[in-house]
Amino acid sequence: MTEWVTGIVAELGYGGIFLLLVLARVLPPVPAETVIPLAGMGAATGQFNLAAVILAGGLGSAVGELFWYLPSRLMGRERFIAFLHRHGRWITVKPEQVEQATDWFARRGGIAVLLCQPLPGLRTLISIPAGACGLPLAPFFLYATVGSCLQVSTLAVTGYLVRSGFPTLADYVVPAALVMVAVVILAYVIRVVRHRGSA
């Protein structure tokens, strides 16, 4: 998958980074944690601009979260939970998780969207109660974009420093990314299996 990621980024540039981050929020097995450090390494070699990498990744992540926010906003909490009872195993989200997250979100408001961005899994899950609780689109997108840019900047700067300040570590980034992709896919499969078993 790493070759596929690097191929898209090399071919489409910032547009590829944007699209891959959208996919990373829509499809759990696509890991943003491999896309952005590789792009940050490209910025260190002059292939990309670091600030543009962060902006493209942050906007892509926020747009991807709309995939979860909009259905829950349009359907409302009860109808969306009913949908999860029927199809939740494929997105590895249980109705009980949404109910708990909605209660938590109701106490903390839109700031929860920003605070959850650095946390894998929660950054996607928080979009559902944000929609179900009726958080307007503009504040949601603003919180998601700011939080995503902060999270992406950490990954991008890490990749940049690895390539520019610690060149010997760069040789380990691709193998580490491959391991991370395998772990994410395996974790997704385990979650689907467990979800079906507990349904």
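User: Why is phenylalanine 67 called partly exposed?

Analyst: The relative accessible area of phenylalanine 67 is 44%. Buried means under 20%, exposed means over 50%, and partly exposed is what lies in between, with a 1.4 Å probe and protein chains only. The value of 44% therefore makes phenylalanine 67 partly exposed. This is a predicted model, in which local features need pLDDT of at least 70 and side-chain atom pairs count only at pLDDT 80 or more, while totals for chains, interfaces and linings use all residues. Residues are numbered from 1 along each chain as its sequence is written, and side-chain values use heavy atoms, with hydrogens and water left out.

User: Is tryptophan 68 buried or exposed, and what makes it so?

Analyst: Tryptophan 68 has a relative accessible area of 5%, so it is buried.

User: What makes the pair of phenylalanine 67 and tryptophan 68 edge-to-face?

Analyst: The structure holds three aromatic pairs. Rings of Phe, Tyr and Trp (its six-membered ring) pair if their centres lie within 6.5 Å; planes under 30 degrees apart count as stacked, over 60 as edge-to-face and the rest as tilted. For phenylalanine 67 and tryptophan 68 the ring centres are 5.2 Å apart and the planes stand at 85°, so this pair is edge-to-face.

User: Why is the pair of tyrosine 69 and phenylalanine 140 called stacked?

Analyst: Their ring centres are 4.2 Å apart and their planes lie at 15°, so the pair is stacked. Tyrosine 69 belongs to helix α4 and phenylalanine 140 to helix α9, so the pair ties together parts that are 71 residues apart in sequence. Both tyrosine 69 and phenylalanine 140 are buried.

User: Why does serine 72 count as buried?

Analyst: Its relative accessibility is 0%, so serine 72 counts as buried. Serine 72 is found in helix α4.

User: Which backbone oxygen does the side chain of serine 72 reach at 2.9 Å?

Analyst: That is the backbone oxygen of tyrosine 69. A polar atom of the serine 72 side chain also lies 3.3 Å from the backbone oxygen of tryptophan 68.

User: What makes proline 71 partly exposed?

Analyst: Proline 71 has 28% relative accessibility, so it counts as partly exposed. Proline 71 also lies in helix α4. Its C-alpha atom is separated by 8.1 Å from that of isoleucine 128, which is 57 residues apart from it along the chain.

User: What makes a set of residues a nonpolar core?

Analyst: The set consists of buried Ala, Val, Leu, Ile, Met, Phe, Trp, Tyr and Cys residues joined through side-chain atoms within 4.5 Å. The largest one here has 17 residues, of which Ile17, Ile36 and Val53 touch the most other members. Helices α1 (2-12), α2 (14-26), α3 (32-44), α4 (50-91) and α9 (137-164) each supply at least two residues of this core. Apart from it lies another core, of eleven residues, among them Leu66, Tyr69, Val113 and Cys116.

User: How many helices and strands are there in the protein?

Analyst: The protein has ten helices and zero strands. Helices (H or I, at least four residues) and strands (E, at least two) are DSSP runs, numbered from the N terminus.

User: Where is confidence lowest in the protein?

Analyst: Confidence is lowest in helix α10 (residues 167-198), at a mean of 56, and highest in α2, at 89. The mean pLDDT of the protein is 75, and 60% of its residues reach 70 or more; pLDDT is the predictor's confidence in each residue, from 0 to 100. Where pLDDT is low, the predicted coordinates should not be read in detail.

Terms used:
Polar contact = N/O pair within 3.5 Å; in protein donor to acceptor, adjacent residues only side chain to side chain.
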